[in-house]
Amino acid sequence: MTSNYIVCYDICDPGRLAKVYKGLKERGVHLQYSVFHCRLTWSELLELKQMLRRFIDEKQDDIRIYPLPEAMEVIVMGCGDRVPEGVTLSL
């Protein structure tokens, strides 16, 4: 079973930032500058967390993973054009 997650990050070092971005780009939809939507199984979530821990400095960097409800309705205002699969838009 898969679940939806929003992953947000604030990475201080450009090298670490590039690794985090690339790792998330392979697993999710890049919504905004430091925000990804990922649809993951439990084991994929655990793998993602392990990967991110290898890339960051836990004393300087910050990553948040927020679980989302299965039935999502997202309000989009402005020029946002990236919509994850299975998400309903409300304008």
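On one side of helix 1 in this predicted model, Pro-14 and Lys-22 are exposed, and I would like to start from those two residues and work our way around to the other side. The helix itself runs over residues 14-25, twelve residues in total, and it reaches 16 Å from its first C-alpha to its last, which is close to the 16 Å expected at 1.5 Å a residue.

Now to the buried residues of this helix, which are Arg-16, Val-20, Gly-23 and Leu-24. They cover an arc of only 95° around the axis, and therefore they sit on the same side of helix 1. What covers these buried residues includes strand 1 (2-10), strand 2 (28-32), strand 3 and helix 2 (42-55). At the N-terminal end, helix 1 is capped by Asp-13, with a side-chain oxygen placed 3.0 Å from the backbone nitrogen of Gly-15.

Let me turn to strand 3, residues 35-41, where we find His-37. Is His-37 buried or exposed? Its relative accessibility is 5%, and because the cut-off for buried is under 20%, His-37 counts as buried. The side chain of His-37 also makes a polar contact of 3.0 Å with the side chain of Asn-4.

Finally, the cysteines. Cys-8 has 23% relative accessibility and so counts as partly exposed, whereas Cys-12, at 51%, counts as exposed. A disulfide is a covalent bond between the sulfur atoms of two cysteines. How many disulfides does the model contain? With sulfur atoms required to lie within 2.5 Å of each other, the count comes to zero.

Note on methods
Residues numbered from 1 in each chain as written. Predicted model: local features only at pLDDT ≥ 70, side-chain atom pairs only at ≥ 80, totals over all residues. Heavy atoms only, no water. Helix = DSSP H or I, 4+ residues; strand = E, 2+ residues; numbered from the N terminus. Buried < 20%, exposed > 50% of the residue type's maximum accessible area, 1.4 Å probe, protein only. Polar contact = N/O pair within 3.5 Å; in protein donor to acceptor, adjacent residues only side chain to side chain. Expected span 1.5 Å × (residues − 1). Arc of directions from axis to C-beta. Contact = heavy atoms within 4.5 Å.
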